[in-house]
Amino acid sequence: YILVMAKIKSCIHVALFLCAGFSLVSCTKWNYHDGGIAYGVHDCSMWDYFKKQPRDWDSTRVMIQHAGLQDLFEGKGEYGQITFLAPSNLAIMTYLFDNNYRRVNEIPAAECRRLLEKLIIPQRILTNDVPRGSRSDATGEKTGGKTYTLMDGSEAFLWTFQESYLGVENAGAVHLWFYIEKFATSRRIYSSNIQTENGVVQALGHDFLFE
């Protein structure tokens, strides 16, 4: 029992040390400030970032490769910088299940490319670049925000919304939202501003569906 408790305390100390270390890293060449929502800045390509995080992005990488878009995510493609509204492993697994596929490579390559190109904006976009705004799912009315052209030529409407904090309006966390006509409803980015050398990952929630 004493040995077990000692090991637990040791693990807690290590975790606290790591958290403290991470908190010291705040700014980079991309002027990134860690507000506690994003995973930070990675000095590598977006492709290599995904490769280092297989728990979240393994199926995403397979889908990208199968679609013939690996060069784009390595920073070797037509666009030097991209913003990827990125579906995680779980979102892709849900798509496989809903469409009776067993593996990502069973999805037609052209379909993988079509799905991904609707989630890629060929420029670098951080949350601070997007104006405050809103969109009503009931009426489709938009205010503020900004419209961006996606890689497939269609459009995405992005906006930011700042929560209240302790009853004070516009004092809380800022969240990035987007709307693409293909996906029918407005969706929130759940992990924002994951920065790499050739672009920004704006990670979608695990409940994202390729509608």
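This report looks at one helix, a nonpolar core and some salt bridges in a predicted model.

## Ground rules

Local features here need pLDDT of at least 70, and side-chain atom pairs count only at pLDDT 80 or more, while totals for chains, interfaces and linings use all residues. Residues are numbered from 1 along each chain as its sequence is written, and side-chain values use heavy atoms, with hydrogens and water left out.

## Helix α5

Helix α5 spans residues 89-98. Helices are DSSP runs of H or I with at least four residues, numbered from the N terminus. The buried residues of α5 are Asn89, Ala91, Ile92, Tyr95 and Leu96. Buried means under 20% relative accessible area, exposed over 50%, and partly exposed in between (1.4 Å probe, protein chains only). Down the axis of α5, the buried residues fall within an arc of 165°, so they line one face of the helix. That arc is taken from the directions from the helix axis to the C-beta atoms.

The face turned away from the buried side carries exposed Phe97 and Asp98. What covers the buried residues of α5? The cover includes α3 (54-66) and α6 (109-117). Just after α5, asparagine 100 takes a positive phi of about 60°.

## The core

The largest nonpolar core has 46 residues. Such a core is a set of buried Ala, Val, Leu, Ile, Met, Phe, Trp, Tyr and Cys residues joined through side-chain atoms within 4.5 Å. Phe50, Leu69, Phe73, Phe84, Leu119 and Val201 touch the most other members. In soluble globular proteins, nonpolar side chains tend to be buried together.

Take leucine 69. Leaving aside neighbours within four places in sequence, leucine 69 is in contact (heavy atoms within 4.5 Å) with Ile64, Arg113, Leu116, Ile120 and Met151.

## Salt bridges

How many salt bridges does the structure hold? There are 7. In each, a side-chain nitrogen of Lys or Arg lies within 4 Å of a carboxyl oxygen of Asp or Glu. Arginine 113 pairs with glutamate 117 at 3.0 Å, N to O. These two are 4 residues apart in helix α6, about one helical turn. Glutamate 117 is buried at 15%, whereas arginine 113 is partly exposed at 32%.

Glutamate 74 and lysine 76 meet at 3.3 Å, N to O. Glutamate 74 is partly exposed at 23%, but lysine 76 is exposed at 60%. Aspartate 137 and arginine 135 meet at 2.5 Å, N to O. Here aspartate 137 is partly exposed at 46%, and arginine 135 is buried at 15%. Arg102, Arg103 and Glu106 are linked in a network of salt bridges.
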